[in-house]
Each structure stands twice: as C-alpha cells, then as structure tokens.
Amino acid sequence: MDQMDDEIMAMFVEDTREHLADIEAALMDMERDGEDIDEELVNKVFRAAHSIKGGAGFLSLNNVRDLAHKLENLLHMVRSREVAPDTRVVNQLLAGFDRLLALVEMGAASDGEDISRLLADLSGLTAEHLAPEERAKAADVIPITLPGGEVVFSLDALSLRQGVSGGKNLYLVEYDLIHDVQARGKTPLDVINTMESSGMIVDCRMELAAVGDLDAPPVNRIPFYVLFASIVEPDIVSYLFALDPSRIHPVDLSALDAAPAAQPASEAEAPEPAAACEEVYGPFVLRVAGDGATLRLAADAPADAAAAREALLAALFHGAGVAMDFAPGTAADLALLQVLISAGRTFAARGLPLAHAGTPPASLAVTARRAGITPESLAAVGLPAGLLFAS
C-alpha cells in the first residue's frame, strides 16, 4: 500500500514542505550576511534540517535521515561560526535541501535513490573546516548501548560532539509505543515534539526486533528509542516525560566501548507432527489438521491479544503453520500487532507459515501506520508486509 496514504507520513511530508517553503531565500540571506551571521536565521535553517531528520528516523526513511543529518552537521558549524556561509557552502546547502524535499515527496521509494555523491560532498565540505585532530576522529563510530550492553544507536563522533555541545547531558530514553504513547492518546511525533521543547533529539528509532518471539515470555511492548541531549540534569529529567527513571539512561561518553560481538543465532527447532484437533482460546478457534491450522476470530468479537498469543503458541506446539481468518471489521490495537509481529518471527524461525487466509483487516494497517510501522520496517526484521498490510 502507498505510504503516502499513511496519516503520519502525510503529516511529515506537509511539515517538510512548510519547513522548506522559503529555504532558498533564507540561504541566500545567509550568504549575503557572510561571517556576520544572523543567529535567528541560521537557527531556523538548522531546525528545518533537524526536524526533518527526526521524523525521517522514526519513519525509517534512511536516505532522508542521512541527507538531513549531513546538512545538520554543516549548519551546526555555521551556527557555531566554525564555517562561514560563503557561496560554495550555500550552493552545497541549496543542492542538499532541493534533493531533500524531492526525497521526502517520494516517501518510502526514496530509499531506492543513490545519494552517495551528495553525502560525500557534504561530508567533505564539513571535514575541510575541522581541526586536523578532529578530522581524524570525525568518522569514528560510537556505539550507544542499553545498560545490558545492547547497541541501540551507532553515531559518528562529529554528530555526537555537536549533539552535546554547550554542556548538554546525553540520555538514551526507552519509550513503549503501546503503553507510553498509544495508551496516552499520543503519536510518536507528539513525543518527538515534546522532547524538542526541552532539548534536542540526536537520533530516534523504533525497534520491531525487540518485540521478541513466542518462545519467550509475553513482551507486550514495542520499543521506541530516543537519544536525547539536554541541559536538564539526570535527577529531574524523568519528570519531563512522565517515565520511570529506570528507562532513562544517562550516557557516559568517556566510558563508551566498542559494540559487543553479535551472538550466534540458535538453530530453529524442528516442529513436531501435528494431530487433528479444535481448540478454543477466548474469542479464537484454532483448527489443526496435519501440518496446517486455521485461526478464526469470532465475528464481532474483540481481538484479545493475550488469547491470540495462547492460540498461536498452541499452533507451534502442534508444529502447524497458521492461516488467520479475521473478519474485515476486526478492531486491532498495538498489543495485538506486537503479538502478530513476535509470532511472525517465531513461525519463520521454525520454518512454518503465518499468514492471513484472506485480506488482513484494515484496522491492522491503520494501527500500524499510526505507530510508524511500515512494510519496510517489517521487511527489516524479516517479516512479509502481508502480516499487517493488504497487498
């Protein structure tokens, strides 16, 4: 399904158009002012690139995020008077913003574009104005990890230095899209806007791989990670976002180590032969025959996520692939999506199919889009778009 029909994507495109409506005139004014920069004007241009980078990071628009990131790096140096906005710099910024708007208008298809030359040109121009010792370290990749060692972000040293400039603290914040966002009547873009009012988002992303699988205890969460820089001190930062302090992790930049080695994946267990049976799990009826099963949701019944999980676990016990038969009007919340995503990963690991017998209920796609889950983000964790989206 076309991502431009997605409400959040449409909002992002419209916001980008507004940010860039007069960007050419602003850049020409910057060139006219030269080294005597108008700080308010430069901040406006910088914020445009920064806001677009944040939205693109959440929506998994990688080319848009990377290009906005490079523009942000260069504009940060203009803002801090490390680079004068001369004709060469302004022309490069104009070319970058022109391409940025074109990419945003393309939506998810933008990741198929080759922008490597433009990224290299912006990086080269930025590096020219760094001191030799900074230039040697600018491209070093710094891992940002959770307390257990899991790498959440990998950030180049230049962006990290710019993000914490001015004595800012750096925090890795763990949101849960189900309980911290949807349950409070918010969207992830609302979270981004709130955080930006008291600091700066250095990076953000949703982590579908962290929903786990059906072999593990129920997770019932979809993580949304934010790398946040602010002058707010650690003892009060949790009050800004109404989060438990245990989910806000101050980052000790001096103590960052290399990313931990990846653990080898365990081999998938071979499924047991299935016996014919019919089992009821709340509103779900699981009918197993041979190596296949049908999971039917009673008409007009709420799609209880816990019951769905139990039914899918039972199908795995029988070694049966599942065809899900949900009514078109089935309501779906993020808890159900989390179960389907984790089940999809588990079934795939066992070599078993998990799909819809017909067209997925439209509510799955609507809920997914509102949370920023796209066919592309599903593909990134090895899942087919048809798990949540109609073809």
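**Strands, cavities and pockets in a predicted model**

In strand S2, Leu 155 is the bridge partner of Ile 142. The model is predicted: local features need pLDDT of at least 70, side-chain atom pairs count only at pLDDT 80 or more, and totals for chains, interfaces and linings use all residues. Residues are numbered from 1 along each chain as its sequence is written, and side-chain values use heavy atoms, with hydrogens and water left out.

**Hairpin**

- Strands S1 (residues 141-145) and S2 (residues 151-156) run antiparallel and are joined by five bridges; strands are DSSP runs of E with at least two residues, helices are runs of H or I with at least four, and both are numbered from the N terminus.
- S1 and S2 form a hairpin with five residues between them, and Gly 149 in the turn has a positive phi of about 105 degrees.

**Open sheet**

- Four strands form an open sheet in the order S4-S5-S3-S6, with antiparallel pairing (two strands pair if DSSP finds at least two bridges between them).
- Strand S4 (200-206) and strand S6 (248-250) are the edge strands, each pairing on one side only.
- From one strand to the next, the twist averages 15 degrees (axes are lines fitted to C-alpha atoms, for helices over the stretch in contact, and angles run from 0 to 180 degrees between N-to-C directions).
- Eight bridges join S3 (residues 169-176) to the antiparallel strand S5 (residues 223-230), and Asp 176 stands opposite Pro 223 in S5.
- Helix H3 (residues 39-59) lies across S4 and S5, at about 20 degrees to S4 (contact means heavy atoms within 4.5 Å).

**Largest cavity**

- There are two cavities of 30 Å³ or more (on a 1 Å grid over the protein atoms alone, a cavity is a set of points where a 1.4 Å probe fits but cannot get out, and lining residues have an atom within 4 Å of a point).
- The largest cavity has a volume of about 70 Å³, a volume being the space filled by probe spheres set on the grid points, which are joined across faces, edges and corners.
- H3, helix H4 (62-79), helix H8 (157-163) and S4 each give two or more residues to its lining, and H4 gives the most, with four.

**Largest pocket**

- The largest pocket has a volume of about 620 Å³ (a pocket is an open set with protein on both sides within 12 Å along at least five of seven lines).
- Of its 26 lining residues, Asn 62, Arg 65, Asp 203, Cys 204 and Arg 205 lie nearest its centre.
- H3, H4, S2, S4 and helix H15 (375-380) each give two or more residues to the lining of the largest pocket.
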